[in-house]
Structures are given as C-alpha cells and as structure tokens.
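Me: I would like to go through a structure with you before I set anything up. Could you take my questions one at a time?

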Amino acid sequence: MAVVSIIGHKGGVGKTTLSINIAAAITQALNSATSDKPVCLFDLDLRLPTITGILNSHPQKTFFDLFETLANRTYQVDFLQTLYQILVPFREYKEGNLPKESPRLLKSIAIYKNLNEKLFNYSNFEFGDQIHELFLMRGEIERPSDLRKKEVTQLFKRIDIKKFKNILREYESNAQPNIDEYISYIEEYGFAILGGEIPIIGKKHHRQRINEPEFLALFLEFIQKVCEEFGHVILDTPAGGVNHLSSIMNSIDQVLFIFDVSNTIAIKGSIDALHTFIDYYEDFYENYQKGSLSGLDKAYVDRLILAKGEKGVLDALANKKMGIIFNRCQTNKEIPLCLDQLREYLETLDKYEKYKDRIHLVGLVPNHKVINITNNRGTLFYDKDKTLSNRVDAIARSIIDSNVAQPTLAYSNKEILSNLEKRSKSRIGRTFSRIASSLS
Ligand SMILES: Nc1ncnc2c1ncn2[C@@H]1O[C@H](COP(=O)(O)OP(=O)(O)OP(=O)(O)O)[C@@H](O)[C@H]1O
Ligand SMILES: [Mg+2]
C-alpha cells in the first residue's frame with residue numbers, strides 16, 4: 001500500500017483535477033495486473049466533496065451514512081453495552097443466582113452509580129425509558145439489597161433483557177461500516193473512488209462530531225482500513241491541509257504539493273503551504289521521538305504501530321517523500337523563478353540544507369484549455385489529450401516506481417527543467433511552447 005496526498009494551499013490550485021488524472025494514469029500503468037484493487041481515489045474534502053459528482057459515479061452509501069454509522073458506534077453501542085453489563089448482574093442477583101458480595105455485582109453497581117445520565121438524551125431504543133427510570137432511582141440504591149425494593153422489582157418486570165440483548169446485537173452489527181458500500185468504480189479506467197457525495201461538515205451534528213476525539217478516531221480507523229485494501233491510495237486533500245484530519249498526514253508515504261505557478265501571489269502561497277507542512281511534520285516527528293505525542297495523534301500512531309510495527313512507523317516518518325508538481329505553467333520562465341524563491345525562503349528559515357535533497361520536483365502541467373472542471377468534460381483528460389497524458393504519466397511513474405530518477409531542489413534550475421520535460425517523453429519543448437503561445 002502506498003498513500004499519496006495531493007495537497008495545495010488554497011482552493012482552485014488543481015488538486016482535484018490532478019488527483020483524478022493521476023489516479024487514472026497509475027491505474028493504467030499498473031494495468032490492474034498487480035492486484036484486484038490497484039488504485040483508490042479518496043476525496044478527503046468533507047466540506048465540499050466533488051469527485052463523485054464530477055465523475056458521475058455514485059457509491060451505494062455516502063459519507064453521511066458513514067458518519068451516522070460511526071456516530072451510532074460512538075454513542076449507542078458503547079452505551080448499550082454498558083447498560084447491558086449493569087442489567088445482567090442486577091437481574092441475576094434479584095433472581096438469587098448471584099451473591100450480594102459478588103465482585104461482578106459490586107462492579108455493576110459502581111458503574112451504575114457513575115454513568116453519565118446525559119447519554120440517555122442521545123440515545124433512542126426500546127426499554128430506554130424504563131432503564132432511564134432505573135437511573136433516576138440512583139439516590140436510593142446504595143447496596144445490593146436496595147435492588148430488592150418494590151419499585152425496582154416492578155421496573156425490572158417492564159424490561160425484557162433478552163429482547164434488549166437482541167437490540168444490542170443489532171446495533172453492534174450495524175456499527176461496522178462495510179467499505180465496499182462506500183466505494184464506486186470508474187469503469188473506463190478501473191480505479192475506485194471513495195468519499196464525499198454530499199457536504200458533511202456543514203451539517204451541525206457532524207460538524208460537532210468530527211471534533212470529538214472518539215468519533216475522529218473511528219473515522220481515521222476507517223480511512224486506515226481503506227488504505228490497507230488498495231495498492232495505491234490517492235488522497236485529494238482539502239485546502240489548508242487536513243485540519244481535523246492532521247493525524248492522517250503521518251501515515252502518508254508521499255506528499256505532493258501542487259504549486260500554482262500562474263501568478264506571483266499563487267507562487268508565494270504555494271511556498272508558504274510547503275513551509276507550514278514542514279513545520280507540522282517536524283513537530284510531529286520530534287514529539288514522536290520524545291514520546292510526547294498526546295490525544296488523538298498518540299491514539300492514531302499507537303494503532304499504526306500495531307499495524308506496521310514500531311520500525312515501520314519510524315521509517316515512514318523518517319523517509320516521508322515530499323514532491324512538487326507545478327501546475328498551470330504558461331511559459332518556462334516561472335519555474336526557475338519559483339525554484340529560486342523557494343530556495344531563498346527555506347534558506348531564511350535555515351531549512352534549505354536539511355530539505356534540499358528531500359524535496360523532489362515531480363511534474364509540470366501546463367495551463368491548458370482542455371482542462372475544464374466547470375462543465376465536467378475536461379476533468380478526466382487523461383488519455384484524451386496526448387500532451388497532457390504524457391505529463392501525468394511522468395508524475396504517475398514517479399509515484400509507482402521508486403527508481404525513477406527525480407531532480408531535487410539541490411539540482412540546478414536548468415537540470416530540473418530539462419529533466420521534467422524529458423521525463424514527459426513527448427517532444428515536450430516544442431509542444432510546451434506551442435501550448436504556451438496558443439494560450440497567450
Ligand atoms: N493546468 C490547468 N489548466 C487549466 N485549468 C486548470 C488547470 N488545473 C486546474 N484547472 C482548473 O482550475 C479549476 C480548479 O481546479 P480544481 O477544482 O482541481 O482545484 P482544487 O485545488 O481541487 O480546488 P478546491 O480546493 O476548491 O477543491 C478548475 O476549473 C480546473 O478545471
Ligand atoms: Mg478540489
């Protein structure tokens with residue numbers, strides 16, 4: 001499994017466009033020969049997912065369903081399981097099958113006394129009202145013998161524990177999202193897409209949920225499971241990084257920054273985004289090594305360690321690949337300009353030496369009139385326009401083949417430019433200037 005994040009500093013730099021075409025190119029390059037499920041394109045934009053709409057391919061279930069399922073697991077299942085753990089020893093004691101000094105009974109009384117009663121407000125299930133009533137009596141129940149009181153006995157008559165157990169079973173079985181239901185396939189190319197369909201974060205409940213560590217942990221677990229099923233996962237990562245999903249960045253093998261080089265402000269923004277990522281990455285790595293990760297980051301890494309082993313996690317962090325794809329190039333001139341600015345910026349931060357060999361220059365995509373996301377037609381241009389396909393092929397090859405020689409920031413501008421053009425195989429010099437002149 002290789003997880004690649006396509007990331008950019010703001011809206012409209014071409015993350016979605018390039019993610020879609022890179023997924024198509026990788027799928028074709030691998031030709032489905034290596035595995036049944038070679039490539040998954042994952043729309044991580046929870047605010048405004050677009051991929052399923054653009055490609056007009058709709059999964060059976062949306063992320064809205066996923067969030068409902070995960071919420072069900074966080075709120076209902078745990079809660080119901082706890083109630084069951086309380087009710088069963090209570091009943092056994094009342095029926096004379098458990099002695100009053102039984103540790104199981106005493107433990108269930110302790111849980112009963114301490115459970116957060118507000119949880120009843122979030123849950124709705126058969127016998128919920130009766131069980132809630134039992135909790136409203138907590139003030140009168142201190143020791144096992146109090147459970148023999150008349151009111152409690154009458155209440156227990158109205159709770160069918162067998163039926164309650166069945167309800168719990170049903171909730172448990174509905175709480176595991178089935179990944180296949182959330183995936184659809186782009187038949188023309190054979191890659192899978194996952195995510196989005198409808199805005200999630202805009203919905204009040206879900207907006208709150210995504211900030212809750214328990215809920216987020218389940219969402220990350222789902223993402224991790226998806227990643228394990230595919231040979232390559234391409235993440236269309238929302239603008240401004242991954243916000244609430246920042247932990248994911250640590251399981252990503254390769255981060256590809258889309259540099260919008262169409263104007264100087266966009267270039268500045270792209271450089272700044274790379275710096276922000278480096279800062280985040282360094283903090284995380286340092287805290288990991290010091291053993292001082294906390295909260296969700298720690299929970300997530302602990303799970304990764306279980307899956308990949310300690311060395312695997314450390315290696316992935318230490319060797320995380322970083323690359324740049326220049327998008328919307330119009331002439332060859334903006335590339336050296338952008339490279340010089342980036343070097344200077346890193347130099348000022350004292351980070352140039354550290355990163356000059358780590359930041360690879362992976363691709364160059366021209367500003368091209370064929371590409372047009374607004375009418376959906378030009379979005380999946382791969383295989384439909386030779387020049388552009390060659391450009392994307394070069395990027396795809398560098399993702400799937402670690403032996404492809406890629407220039408780094410330490411190379412000269414001339415070397416970088418000629419390598420990027422040469423790797424696109426076609427008569428790129430001429431074609432490229434032709435595109436540029438046709439657009440100017
Ligand atoms: N190389 C290019 N040449 C011409 N148009 C392009 C190019 N790359 C992207 N575009 C166009 O720019 C617009 C924005 O692209 P896209 O939606 O892929 O960006 P994004 O980074 O995913 O944006 P968002 O953050 O809003 O999701 C689209 O209309 C797309 O067709
Ligand atoms: Mg997008």
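This is a predicted model: local features need pLDDT of at least 70, side-chain atom pairs count only at pLDDT 80 or more; totals for chains, interfaces and linings use all residues.

Me: How many residues of strand 1 are buried in total?

Reply: Six of the six are buried, so strand 1 is largely enclosed by the rest of the structure.

Me: Which sense does strand 1 take in its pairing with strand 5?

Reply: Strand 1 and strand 5 run in the parallel sense, with five bridges between them. Valine 3 has valine 233 of strand 5 as its bridge partner. Strand 6 is also parallel to strand 1, joined to it by four bridges. There, isoleucine 7 is bridged to phenylalanine 257.

Me: In what order do the eight strands form the open sheet?

Reply: The order is 3-4-2-5-1-6-7-8, and the pairing is mixed. Strand 3 (183-186) and strand 8 (359-366) are the edge strands, each pairing on one side only. On average, neighbouring strands of this sheet are turned by 25° against each other, with direction ignored.

Me: How many bridges hold strand 7 and strand 8 together?

Reply: Seven bridges pair strand 7 (residues 321-329) with strand 8, in the parallel sense. Within strand 8, glycine 363 stands opposite isoleucine 325.

Me: Which strands does helix 1 touch?

Reply: Helix 1 (residues 15-30) packs on the sheet and touches strand 1 (2-7), strand 2 (39-43), strand 4 (191-194), strand 5 (232-236), strand 6 (254-260), strand 7 and strand 8. The direction of helix 1 makes about 170° with that of strand 5. Helix 13 (residues 334-348) packs on the sheet as well, touching strand 6, strand 7 and strand 8, and its direction makes about 140° with that of strand 7.

Me: Staying with helix 1, is asparagine 21 buried or exposed?

Reply: Asparagine 21, which sits in helix 1, has a relative accessibility of 0% and therefore counts as buried. Apart from neighbours within four places in sequence, asparagine 21 is in contact with Thr379, Leu380, Phe381, Tyr382 and Val392.

Me: And where is asparagine 178?

Reply: Asparagine 178 lies in the loop between helix 8 (161-174) and strand 3. With a relative accessible area of 37%, asparagine 178 is partly exposed. From asparagine 178 to phenylalanine 222 the C-alpha separation is 9.4 Å, and the two are 44 residues apart in sequence.

Me: Changing topic: how many disulfides does the count come to?

Reply: The count comes to zero disulfides. Cysteine 40 has its nearest cysteine sulfur, that of cysteine 227, 7.9 Å away, whereas the cut-off for a disulfide is a pair of sulfur atoms within 2.5 Å. Cysteine 40 is buried, at 0% relative accessibility.

Me: What span does helix 11 reach from its first C-alpha to its last?

Reply: Helix 11 (residues 264-290) reaches 39 Å over its 27 residues, close to the 39 Å expected at 1.5 Å a residue.

Me: Which residue caps the N-terminal end of helix 11?

Reply: Asparagine 263 does, with a side-chain oxygen 3.1 Å from the backbone nitrogen of isoleucine 265. Just after helix 11, glycine 291 takes a positive phi of about 70°.

Me: What does alanine 266 touch?

Reply: Alanine 266 is part of helix 11 and touches His9 and Asp260, leaving out residues up to four places away in sequence. Alanine 266 counts as buried, at 2% relative accessibility.

Me: Finally, how many helices does the protein have?

Reply: The protein has 17 helices, together with eight strands. Buried residues make up 55% of its 440 residues. Among contacts between residues at least 6 apart in sequence, 78% join residues at least 24 apart.

Notes:
Residues are numbered from 1 along each chain as its sequence is written. Chains are lettered from A and ligands numbered from 1 in the order in which they are written. Side-chain values use heavy atoms; hydrogens and water are left out. Helices (H or I, at least four residues) and strands (E, at least two) are DSSP runs, numbered from the N terminus. The expected span of a helix is 1.5 Å times one less than its number of residues. A polar contact is a pair of N or O atoms within 3.5 Å; within protein, one must be able to donate a hydrogen and the other to accept it, and residues adjacent in sequence count only if both atoms are side-chain atoms. Two strands pair if DSSP finds at least two bridges between them. Axes are lines fitted to C-alpha atoms, for helices over the stretch in contact, and angles run from 0 to 180 degrees between N-to-C directions. Contact means heavy atoms within 4.5 Å. Buried means under 20% relative accessible area, exposed over 50%, partly exposed in between (1.4 Å probe, protein chains only).
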